[in-house]
Amino acid sequence: EEAQRALDLDPRLAAARVVRATAMQQSGRDREAQMELQEVLSRDPQHVAARLQLGYLQLSAQDYRAIGTLEAAVGNASASRSALGAAKVYLALALDMEDRRGGPGSSKQGARADQVLKEGLSLHKNLQCVWRELEQSLPRGERPLAAVQRLRGICDLDLSTMQAKQLLQLIVRCSGRQDLLQAGLSGLSGAATPLNERGFNDGSRRGSVS
(Lines give C-alpha, C1' and ligand atoms only; values in the text may rest on other atoms or scores of the structure.)
Protein backbone atom coordinates (compact mmCIF):
# COMPACT_ATOMS: atom_id res chain seq x y z
CA GLU A 1 0.00 0.00 0.00
CA GLU A 2 2.83 2.42 0.82
CA ALA A 3 4.45 1.64 -2.54
CA GLN A 4 1.17 2.31 -4.30
CA ARG A 5 0.72 5.65 -2.51
CA ALA A 6 4.24 6.67 -3.52
CA LEU A 7 3.50 5.73 -7.11
CA ASP A 8 0.28 7.72 -7.05
CA LEU A 9 2.39 10.76 -6.20
CA ASP A 10 5.16 9.98 -8.69
CA PRO A 11 4.67 7.03 -11.13
CA ARG A 12 8.35 7.21 -12.03
CA LEU A 13 9.56 6.43 -8.50
CA ALA A 14 11.75 3.40 -9.17
CA ALA A 15 12.17 2.10 -5.62
CA ALA A 16 8.41 1.96 -5.08
CA ARG A 17 7.96 0.12 -8.37
CA VAL A 18 10.50 -2.51 -7.33
CA VAL A 19 8.65 -2.97 -4.02
CA ARG A 20 5.37 -3.32 -5.92
CA ALA A 21 6.96 -5.86 -8.28
CA THR A 22 8.14 -7.89 -5.29
CA ALA A 23 4.61 -7.87 -3.86
CA MET A 24 3.27 -9.01 -7.24
CA GLN A 25 5.75 -11.87 -7.31
CA GLN A 26 4.81 -12.95 -3.79
CA SER A 27 1.15 -13.07 -4.79
CA GLY A 28 1.90 -15.20 -7.86
CA ARG A 29 1.64 -12.41 -10.45
CA ASP A 30 5.07 -13.11 -11.94
CA ARG A 31 4.34 -11.79 -15.41
CA GLU A 32 3.10 -8.47 -14.07
CA ALA A 33 6.12 -8.28 -11.76
CA GLN A 34 8.53 -8.77 -14.62
CA MET A 35 6.76 -6.13 -16.70
CA GLU A 36 7.01 -3.69 -13.79
CA LEU A 37 10.74 -4.34 -13.44
CA GLN A 38 11.30 -4.05 -17.18
CA GLU A 39 9.65 -0.65 -17.06
CA VAL A 40 12.00 0.48 -14.28
CA LEU A 41 15.01 -0.73 -16.26
CA SER A 42 13.82 0.99 -19.42
CA ARG A 43 14.11 4.28 -17.51
CA ASP A 44 17.22 3.36 -15.52
CA PRO A 45 19.22 0.41 -16.94
CA GLN A 46 21.64 0.62 -13.99
CA HIS A 47 18.99 0.16 -11.30
CA VAL A 48 20.57 -2.58 -9.18
CA ALA A 49 17.51 -3.78 -7.24
CA ALA A 50 15.34 -4.00 -10.36
CA ARG A 51 17.98 -5.95 -12.29
CA LEU A 52 18.58 -8.32 -9.41
CA GLN A 53 14.88 -8.95 -8.83
CA LEU A 54 14.26 -9.50 -12.54
CA GLY A 55 17.12 -12.00 -12.68
CA TYR A 56 15.69 -13.86 -9.71
CA LEU A 57 12.23 -14.00 -11.28
CA GLN A 58 13.69 -15.35 -14.52
CA LEU A 59 15.75 -17.89 -12.57
CA SER A 60 12.65 -19.07 -10.73
CA ALA A 61 10.79 -19.38 -14.05
CA GLN A 62 13.71 -21.40 -15.51
CA ASP A 63 14.01 -18.71 -18.17
CA TYR A 64 17.39 -18.90 -19.95
CA ARG A 65 17.54 -15.10 -19.97
CA ALA A 66 18.32 -15.18 -16.25
CA ILE A 67 22.00 -15.69 -17.06
CA GLY A 68 22.23 -12.50 -19.14
CA THR A 69 20.20 -10.48 -16.66
CA LEU A 70 22.32 -11.60 -13.73
CA GLU A 71 25.57 -11.09 -15.67
CA ALA A 72 24.49 -7.46 -16.06
CA ALA A 73 23.73 -7.22 -12.34
CA VAL A 74 27.14 -8.65 -11.47
CA GLY A 75 28.81 -6.12 -13.73
CA ASN A 76 27.09 -3.12 -12.12
CA ALA A 77 29.79 -1.11 -10.33
CA SER A 78 27.22 0.64 -8.13
CA ALA A 79 25.93 -2.59 -6.55
CA SER A 80 26.43 -2.97 -2.81
CA ARG A 81 28.51 -5.87 -1.50
CA SER A 82 25.40 -7.75 -0.39
CA ALA A 83 23.56 -7.18 -3.70
CA LEU A 84 26.63 -8.26 -5.67
CA GLY A 85 26.95 -11.37 -3.52
CA ALA A 86 23.27 -12.24 -4.06
CA ALA A 87 23.60 -11.65 -7.82
CA LYS A 88 26.55 -14.03 -7.97
CA VAL A 89 24.70 -16.69 -5.98
CA TYR A 90 21.71 -16.47 -8.32
CA LEU A 91 24.01 -16.48 -11.35
CA ALA A 92 25.73 -19.62 -10.05
CA LEU A 93 22.34 -21.33 -9.73
CA ALA A 94 21.46 -20.30 -13.29
CA LEU A 95 24.79 -21.56 -14.65
CA ASP A 96 24.36 -24.83 -12.76
CA MET A 97 20.94 -25.27 -14.38
CA GLU A 98 22.53 -24.78 -17.79
CA ASP A 99 25.26 -27.27 -16.88
CA ARG A 100 22.71 -29.92 -15.94
CA ARG A 101 20.85 -29.26 -19.18
CA GLY A 102 23.73 -31.06 -20.90
CA GLY A 103 23.90 -29.09 -24.15
CA PRO A 104 27.05 -28.16 -26.12
CA GLY A 105 29.49 -26.26 -23.92
CA SER A 106 27.41 -26.86 -20.81
CA SER A 107 30.36 -28.48 -19.00
CA LYS A 108 32.10 -25.11 -18.95
CA GLN A 109 29.06 -23.65 -17.19
CA GLY A 110 29.48 -26.11 -14.32
CA ALA A 111 33.05 -25.00 -13.65
CA ARG A 112 32.02 -21.38 -13.95
CA ALA A 113 29.08 -21.93 -11.57
CA ASP A 114 31.57 -23.13 -8.93
CA GLN A 115 33.82 -20.10 -9.42
CA VAL A 116 30.97 -17.60 -9.38
CA LEU A 117 29.52 -19.18 -6.24
CA LYS A 118 32.88 -18.94 -4.47
CA GLU A 119 32.93 -15.24 -5.32
CA GLY A 120 29.35 -14.81 -4.13
CA LEU A 121 30.08 -16.64 -0.89
CA SER A 122 33.07 -14.35 -0.22
CA LEU A 123 30.84 -11.28 -0.67
CA HIS A 124 27.63 -12.32 1.06
CA LYS A 125 28.27 -12.17 4.82
CA ASN A 126 24.98 -13.74 5.90
CA LEU A 127 25.50 -16.71 3.60
CA GLN A 128 29.08 -17.05 4.87
CA CYS A 129 27.82 -17.15 8.44
CA VAL A 130 25.18 -19.80 7.76
CA TRP A 131 27.61 -21.94 5.77
CA ARG A 132 30.22 -21.85 8.57
CA GLU A 133 27.57 -23.02 11.00
CA LEU A 134 26.44 -25.79 8.65
CA GLU A 135 30.01 -27.02 8.20
CA GLN A 136 29.99 -27.67 11.94
CA SER A 137 26.44 -28.89 12.45
CA LEU A 138 26.01 -31.26 9.49
CA PRO A 139 28.74 -33.69 10.61
CA ARG A 140 27.12 -33.67 14.05
CA GLY A 141 23.86 -34.94 12.63
CA GLU A 142 21.83 -31.89 11.59
CA ARG A 143 19.21 -33.07 9.11
CA PRO A 144 19.74 -31.87 5.52
CA LEU A 145 16.25 -30.42 5.27
CA ALA A 146 16.90 -28.37 8.40
CA ALA A 147 20.04 -27.04 6.70
CA VAL A 148 17.94 -26.13 3.67
CA GLN A 149 15.53 -24.19 5.86
CA ARG A 150 18.43 -22.30 7.43
CA LEU A 151 19.55 -21.22 3.97
CA ARG A 152 16.02 -20.12 3.18
CA GLY A 153 16.01 -18.04 6.35
CA ILE A 154 18.76 -15.71 5.12
CA CYS A 155 17.02 -12.34 5.09
CA ASP A 156 18.70 -10.82 2.04
CA LEU A 157 18.72 -13.90 -0.19
CA ASP A 158 15.42 -15.12 -1.67
CA LEU A 159 15.44 -18.89 -2.16
CA SER A 160 12.71 -21.44 -2.76
CA THR A 161 13.13 -24.82 -1.08
CA MET A 162 14.37 -26.35 -4.33
CA GLN A 163 16.81 -23.49 -4.92
CA ALA A 164 18.14 -23.85 -1.37
CA LYS A 165 18.72 -27.58 -1.95
CA GLN A 166 20.53 -26.78 -5.19
CA LEU A 167 22.61 -24.10 -3.45
CA LEU A 168 23.57 -26.45 -0.62
CA GLN A 169 24.80 -29.04 -3.12
CA LEU A 170 26.76 -26.38 -5.00
CA ILE A 171 28.43 -25.00 -1.87
CA VAL A 172 29.46 -28.50 -0.79
CA ARG A 173 30.93 -29.11 -4.25
CA CYS A 174 32.78 -25.83 -4.68
CA SER A 175 34.08 -25.87 -1.09
CA GLY A 176 35.56 -29.33 -1.48
CA ARG A 177 33.46 -30.66 1.41
CA GLN A 178 32.40 -33.91 -0.23
CA ASP A 179 32.81 -35.49 3.19
CA LEU A 180 29.49 -33.89 4.08
CA LEU A 181 27.83 -36.19 1.57
CA GLN A 182 28.54 -38.99 4.00
CA ALA A 183 27.10 -36.85 6.77
CA GLY A 184 23.59 -37.04 5.37
CA LEU A 185 23.54 -34.74 2.34
CA SER A 186 23.33 -37.72 0.01
CA GLY A 187 19.59 -37.54 0.59
CA LEU A 188 19.53 -34.34 -1.42
CA SER A 189 21.05 -35.92 -4.52
CA GLY A 190 18.95 -35.18 -7.55
CA ALA A 191 16.81 -32.80 -5.53
CA ALA A 192 17.88 -29.61 -7.24
CA THR A 193 15.36 -27.53 -9.14
CA PRO A 194 13.66 -29.80 -11.72
CA LEU A 195 14.17 -28.79 -15.33
CA ASN A 196 12.23 -29.43 -18.46
CA GLU A 197 13.93 -31.36 -21.25
CA ARG A 198 16.07 -28.40 -22.26
CA GLY A 199 16.93 -27.19 -18.76
CA PHE A 200 15.98 -23.54 -19.17
CA ASN A 201 12.81 -22.95 -21.13
CA ASP A 202 12.45 -20.60 -24.06
CA GLY A 203 10.69 -17.87 -22.09
CA SER A 204 7.20 -18.84 -23.23
CA ARG A 205 5.86 -19.94 -19.84
CA ARG A 206 3.91 -17.70 -17.50
CA GLY A 207 6.13 -15.16 -15.84
CA SER A 208 8.49 -14.65 -18.80
CA VAL A 209 8.51 -11.34 -20.54
CA SER A 210 10.35 -10.36 -23.67
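**Entry 1: salt bridges**

I started with Asp63 and Arg65, whose side chains meet in a salt bridge at 2.6 Å, N to O. This is a predicted model, so I read every value here as computed. Is Asp63 buried or exposed? Asp63 is buried, with a relative accessible area of 0%.

Next I looked up Asp114 and Arg173, and their side chains also meet in a salt bridge, at 2.7 Å, N to O. Asp114 belongs to helix H7 and Arg173 to helix H10, so this pair ties together parts 59 residues apart in sequence. I checked how open each partner is. Asp114 has 18% relative accessibility, so Asp114 counts as buried, the cut-off being under 20%. Arg173 is partly exposed, at a relative accessible area of 35%. I then followed the shared partners: salt bridges join Asp96, Arg100, Asp114 and Arg173 into one network.

How many salt bridges does a search of the whole structure find? I noted 15. One more that I looked at is Arg20 with Glu36, where the side chains meet at 2.7 Å, N to O. Arg20 sits in helix H2 and Glu36 in helix H3 (residues 30-43), 16 residues apart, and the pair links distant parts of the chain. Arg20 is partly exposed, with a relative accessible area of 23%, whereas Glu36 is buried, with 7%.

**Entry 2: helix H2**

H2 covers residues 14-26, which is 13 residues. From its first C-alpha to its last, H2 reaches 19 Å, close to the 18 Å expected at 1.5 Å a residue. Which residues of H2 are buried? I listed Ala14, Ala16, Arg17, Val18, Ala21, Thr22, Met24 and Gln25. After H2 comes Gly28, and I noted that its phi is positive, near 85°.

**Entry 3: the aromatic pair**

I searched the whole structure for aromatic pairs and found one. The rings are those of Tyr56 and Tyr90, with centres 5.0 Å apart and planes at 40°, so I wrote the pair down as tilted. The cut-offs explain that word, because stacked needs planes under 30 degrees apart and edge-to-face needs over 60. Tyr56 is in helix H4 (residues 48-60) and Tyr90 is in helix H6 (residues 81-101), so the pair ties together parts 34 residues apart in sequence. Both Tyr56 and Tyr90 are buried.

**Entry 4: the nonpolar cores**

Tyr90 turned up again here. The largest nonpolar core has 46 residues, and those with the most contacts inside it are Tyr90, Leu127, Leu151, Leu157 and Leu167. Where do the residues of this core come from? H4, helix H5 (66-74), H6, helix H7 (106-123), H8, helix H9 (144-152) and helix H10 (161-174) each supply at least two. H6 gives the largest share, 12 residues.

Leaving out residues up to four places away in sequence, Leu127 touches Val89, Leu121, Leu151, Ile154, Leu157, Leu167 and Ile171. I had already met Ala14 among the buried residues of H2.

**Entry 5: Glu133**

Last, I looked up Glu133, which is placed in helix H8 (residues 125-137). Glu133 is partly exposed, with a relative accessible area of 36%. I also checked Glu133 against Ala147: the two are 14 residues apart in sequence and 9.6 Å apart in space, C-alpha to C-alpha.

Definitions and conventions: Residues numbered from 1 in each chain as written. Predicted model: local features only at pLDDT ≥ 70, side-chain atom pairs only at ≥ 80, totals over all residues. Heavy atoms only, no water. Phe/Tyr/Trp six-rings, centres within 6.5 Å; stacked < 30°, edge-to-face > 60°. Helix = DSSP H or I, 4+ residues; strand = E, 2+ residues; numbered from the N terminus. Buried < 20%, exposed > 50% of the residue type's maximum accessible area, 1.4 Å probe, protein only. Core = buried A, V, L, I, M, F, W, Y, C linked by side-chain atoms within 4.5 Å. Contact = heavy atoms within 4.5 Å. Expected span 1.5 Å × (residues − 1). Salt bridge = Lys/Arg side-chain N within 4 Å of Asp/Glu carboxyl O.
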